[in-house]
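Please find below my note on the model you sent.

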Amino acid sequence: MSRIGKKPVELPAGVTASVSGQTIEVKGPKATHSFTATDDVTLAVEENAVTVTPRGKSKRARQQWGMSRTVVQNLVTGVTEGFKKELEIVGVGYRAQMQGKVLKLALGLSHDVNFEVPEGVTVTAPKPTEIIIEGTDPQLVGQVAANIREWRKPEPYKGKGIKYKDEYIFRKEGKKK
(Lines give C-alpha, C1' and ligand atoms only; values in the text may rest on other atoms or scores of the structure.)
Protein backbone atom coordinates (compact mmCIF):
# COMPACT_ATOMS: atom_id res chain seq x y z
CA MET A 1 0.00 0.00 0.00
CA SER A 2 1.28 3.42 -0.93
CA ARG A 3 1.28 5.68 2.12
CA ILE A 4 1.42 8.76 -0.09
CA GLY A 5 -1.13 7.48 -2.61
CA LYS A 6 -3.76 6.75 0.06
CA LYS A 7 -4.01 10.41 1.12
CA PRO A 8 -6.46 12.54 -0.87
CA VAL A 9 -5.21 15.86 -2.27
CA GLU A 10 -7.16 18.66 -0.59
CA LEU A 11 -8.31 21.52 -2.83
CA PRO A 12 -8.05 24.88 -1.03
CA ALA A 13 -10.56 27.70 -1.54
CA GLY A 14 -10.33 29.24 -5.01
CA VAL A 15 -8.99 26.07 -6.66
CA THR A 16 -11.08 23.87 -8.94
CA ALA A 17 -10.21 20.52 -10.49
CA SER A 18 -11.92 18.71 -13.35
CA VAL A 19 -11.22 15.21 -14.65
CA SER A 20 -11.86 14.10 -18.23
CA GLY A 21 -10.65 10.57 -18.90
CA GLN A 22 -7.09 10.31 -17.61
CA THR A 23 -6.45 14.09 -17.68
CA ILE A 24 -6.91 16.34 -14.67
CA GLU A 25 -6.99 20.13 -15.03
CA VAL A 26 -6.41 22.30 -11.97
CA LYS A 27 -7.35 26.00 -12.04
CA GLY A 28 -6.23 28.41 -9.36
CA PRO A 29 -5.47 32.09 -8.75
CA LYS A 30 -1.94 31.91 -10.25
CA ALA A 31 -2.32 29.57 -13.23
CA THR A 32 -4.01 26.58 -14.85
CA HIS A 33 -2.13 23.29 -15.18
CA SER A 34 -3.08 19.84 -16.43
CA PHE A 35 -1.64 16.35 -16.04
CA THR A 36 -2.38 13.16 -17.97
CA ALA A 37 -2.06 10.07 -15.80
CA THR A 38 -1.21 6.59 -17.10
CA ASP A 39 -3.89 3.90 -17.50
CA ASP A 40 -2.64 2.24 -14.30
CA VAL A 41 -4.44 4.72 -12.00
CA THR A 42 -7.90 6.26 -11.71
CA LEU A 43 -8.36 9.96 -10.89
CA ALA A 44 -11.55 11.17 -9.18
CA VAL A 45 -12.70 14.53 -7.77
CA GLU A 46 -14.93 14.18 -4.70
CA GLU A 47 -16.13 17.31 -2.88
CA ASN A 48 -12.95 19.32 -2.15
CA ALA A 49 -10.42 16.56 -2.72
CA VAL A 50 -8.80 14.60 -5.54
CA THR A 51 -8.24 10.88 -4.99
CA VAL A 52 -5.90 8.61 -6.93
CA THR A 53 -6.49 4.84 -6.86
CA PRO A 54 -4.56 2.05 -8.62
CA ARG A 55 -6.23 -0.18 -11.22
CA GLY A 56 -4.94 -3.56 -10.12
CA LYS A 57 -2.13 -4.88 -7.98
CA SER A 58 0.73 -4.86 -10.49
CA LYS A 59 4.06 -3.30 -9.52
CA ARG A 60 3.69 -0.58 -12.19
CA ALA A 61 0.21 0.36 -10.93
CA ARG A 62 1.53 0.74 -7.39
CA GLN A 63 4.48 2.84 -8.63
CA GLN A 64 2.22 5.13 -10.65
CA TRP A 65 -0.21 5.48 -7.72
CA GLY A 66 2.13 7.44 -5.42
CA MET A 67 3.79 9.33 -8.27
CA SER A 68 0.48 10.47 -9.78
CA ARG A 69 -0.78 11.65 -6.39
CA THR A 70 2.42 13.68 -5.87
CA VAL A 71 2.11 15.27 -9.32
CA VAL A 72 -1.51 16.28 -8.57
CA GLN A 73 -0.37 17.73 -5.22
CA ASN A 74 2.32 19.74 -7.06
CA LEU A 75 -0.32 21.06 -9.49
CA VAL A 76 -2.43 22.30 -6.58
CA THR A 77 0.58 23.84 -4.80
CA GLY A 78 1.74 25.48 -8.03
CA VAL A 79 -1.57 27.19 -8.83
CA THR A 80 -1.97 28.47 -5.25
CA GLU A 81 1.49 29.31 -3.82
CA GLY A 82 3.98 28.59 -6.60
CA PHE A 83 7.51 27.25 -6.26
CA LYS A 84 10.75 29.06 -5.49
CA LYS A 85 14.47 28.27 -5.71
CA GLU A 86 17.17 30.57 -4.36
CA LEU A 87 20.75 30.60 -5.63
CA GLU A 88 23.81 32.27 -4.08
CA ILE A 89 26.87 33.40 -5.99
CA VAL A 90 30.17 33.10 -4.09
CA GLY A 91 33.41 34.51 -5.47
CA VAL A 92 35.29 37.77 -5.96
CA GLY A 93 33.85 39.59 -8.97
CA TYR A 94 31.05 37.07 -9.48
CA ARG A 95 27.70 38.82 -9.86
CA ALA A 96 24.29 38.66 -11.53
CA GLN A 97 21.80 41.24 -12.76
CA MET A 98 18.55 41.16 -14.71
CA GLN A 99 18.22 43.13 -17.95
CA GLY A 100 14.67 42.65 -19.22
CA LYS A 101 14.19 38.91 -19.82
CA VAL A 102 17.96 38.19 -19.79
CA LEU A 103 20.02 37.29 -16.72
CA LYS A 104 23.58 38.63 -17.10
CA LEU A 105 26.14 36.62 -15.14
CA ALA A 106 29.76 37.67 -14.55
CA LEU A 107 31.45 34.43 -13.47
CA GLY A 108 35.14 34.96 -14.06
CA LEU A 109 34.97 33.88 -17.69
CA SER A 110 36.40 35.98 -20.53
CA HIS A 111 32.84 37.08 -21.35
CA ASP A 112 29.57 37.67 -19.53
CA VAL A 113 27.01 34.88 -19.72
CA ASN A 114 23.59 35.92 -21.04
CA PHE A 115 20.94 33.48 -19.77
CA GLU A 116 17.55 33.73 -21.54
CA VAL A 117 14.74 33.25 -19.01
CA PRO A 118 12.08 30.86 -20.40
CA GLU A 119 8.32 31.53 -20.31
CA GLY A 120 6.53 30.46 -17.12
CA VAL A 121 9.41 31.42 -14.82
CA THR A 122 10.33 34.74 -13.24
CA VAL A 123 13.94 35.36 -12.26
CA THR A 124 14.99 38.24 -10.02
CA ALA A 125 18.36 39.36 -8.72
CA PRO A 126 17.66 41.46 -5.58
CA LYS A 127 21.40 41.56 -4.76
CA PRO A 128 24.34 41.03 -7.12
CA THR A 129 25.11 37.74 -5.33
CA GLU A 130 21.56 36.39 -5.10
CA ILE A 131 19.20 34.90 -7.72
CA ILE A 132 15.56 33.99 -7.02
CA ILE A 133 13.65 31.77 -9.46
CA GLU A 134 9.86 31.53 -9.08
CA GLY A 135 7.13 29.79 -11.05
CA THR A 136 4.09 27.52 -10.92
CA ASP A 137 5.73 24.39 -12.41
CA PRO A 138 8.22 22.70 -10.03
CA GLN A 139 10.02 20.87 -12.85
CA LEU A 140 10.59 24.06 -14.84
CA VAL A 141 11.74 26.04 -11.77
CA GLY A 142 14.21 23.31 -10.80
CA GLN A 143 15.49 22.95 -14.36
CA VAL A 144 16.11 26.69 -14.75
CA ALA A 145 17.96 26.74 -11.40
CA ALA A 146 20.07 23.76 -12.47
CA ASN A 147 20.85 25.37 -15.85
CA ILE A 148 22.03 28.59 -14.15
CA ARG A 149 24.09 26.63 -11.58
CA GLU A 150 25.69 24.63 -14.41
CA TRP A 151 27.63 27.71 -15.59
CA ARG A 152 29.87 27.68 -12.49
CA LYS A 153 29.33 24.83 -10.02
CA PRO A 154 30.79 25.41 -6.54
CA GLU A 155 34.31 24.05 -6.19
CA PRO A 156 35.44 22.27 -2.99
CA TYR A 157 38.59 24.28 -2.17
CA LYS A 158 37.37 27.89 -1.87
CA GLY A 159 33.64 27.29 -2.36
CA LYS A 160 33.48 29.66 -5.34
CA GLY A 161 30.59 29.27 -7.77
CA ILE A 162 26.79 29.26 -7.91
CA LYS A 163 25.14 27.21 -5.16
CA TYR A 164 21.65 26.66 -3.84
CA LYS A 165 20.86 28.76 -0.75
CA ASP A 166 20.57 25.73 1.56
CA GLU A 167 23.34 23.68 -0.09
CA TYR A 168 26.38 22.61 1.93
CA ILE A 169 29.67 22.54 0.04
CA PHE A 170 32.03 19.84 1.32
CA ARG A 171 35.36 21.61 1.66
CA LYS A 172 38.72 19.99 0.95
CA GLU A 173 42.07 20.89 2.43
CA GLY A 174 44.56 22.46 0.04
CA LYS A 175 48.15 21.50 -0.69
CA LYS A 176 50.58 21.34 2.21
CA LYS A 177 54.27 22.23 2.15
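The points below take the basis of the model, then the strands, then the glutamate.

1. Basis. This is a predicted model, in which local features need pLDDT of at least 70 and side-chain atom pairs count only at pLDDT 80 or more, while totals for chains, interfaces and linings use all residues. Residues are numbered from 1 along each chain as its sequence is written, and side-chain values use heavy atoms, with hydrogens and water left out.

2. Terms for the strands. Helices (H or I, at least four residues) and strands (E, at least two) are DSSP runs numbered from the N terminus. Two strands pair if DSSP finds at least two bridges between them. In general, strands of a sheet pair through backbone hydrogen bonds, either parallel or antiparallel.

3. The open sheet. Three strands, in the order S1-S6-S5, form an open sheet with antiparallel pairing. S1 (9-10) and S5 (41-46) are the edge strands; each has a single partner strand, so one side of each lacks a neighbour in the sheet. S5 is joined to S6 (residues 49-54) by six bridges, and Ala44 has Thr51 in S6 as its bridge partner. Helix H2 (residues 59-80) packs on this sheet and touches S1, S5 and S6. The direction of H2 makes about 165° with that of S6 (axes are lines fitted to C-alpha atoms, for helices over the stretch in contact, and angles run from 0 to 180 degrees between N-to-C directions).

4. S2 (residues 16-20) pairs with S3 in the antiparallel sense over five bridges, with Thr16 opposite Lys27. Two residues lie between the strands of this hairpin, and Gly21 takes a positive phi near 70°. S3 also pairs with S4 (residues 32-36), again antiparallel and over five bridges; here Glu25 has Ser34 as its bridge partner. The hairpin of S3 and S4 has four residues between the strands.

5. Buried means under 20% relative accessible area, exposed over 50%, and partly exposed in between (1.4 Å probe, protein chains only).

6. Glu130. This residue lies in strand S12 (residues 130-135). Is Glu130 buried or exposed? Glu130 is buried, with a relative accessible area of 12%. Beyond its neighbours within four places in sequence, Glu130 is in contact (heavy atoms within 4.5 Å) with Leu87, Thr124, Ala125 and Lys165. The side chains of Glu130 and Lys165 make a polar contact (3.4 Å). A polar contact is a pair of N or O atoms within 3.5 Å; within protein, one must be able to donate a hydrogen and the other to accept it, and residues adjacent in sequence count only if both atoms are side-chain atoms.
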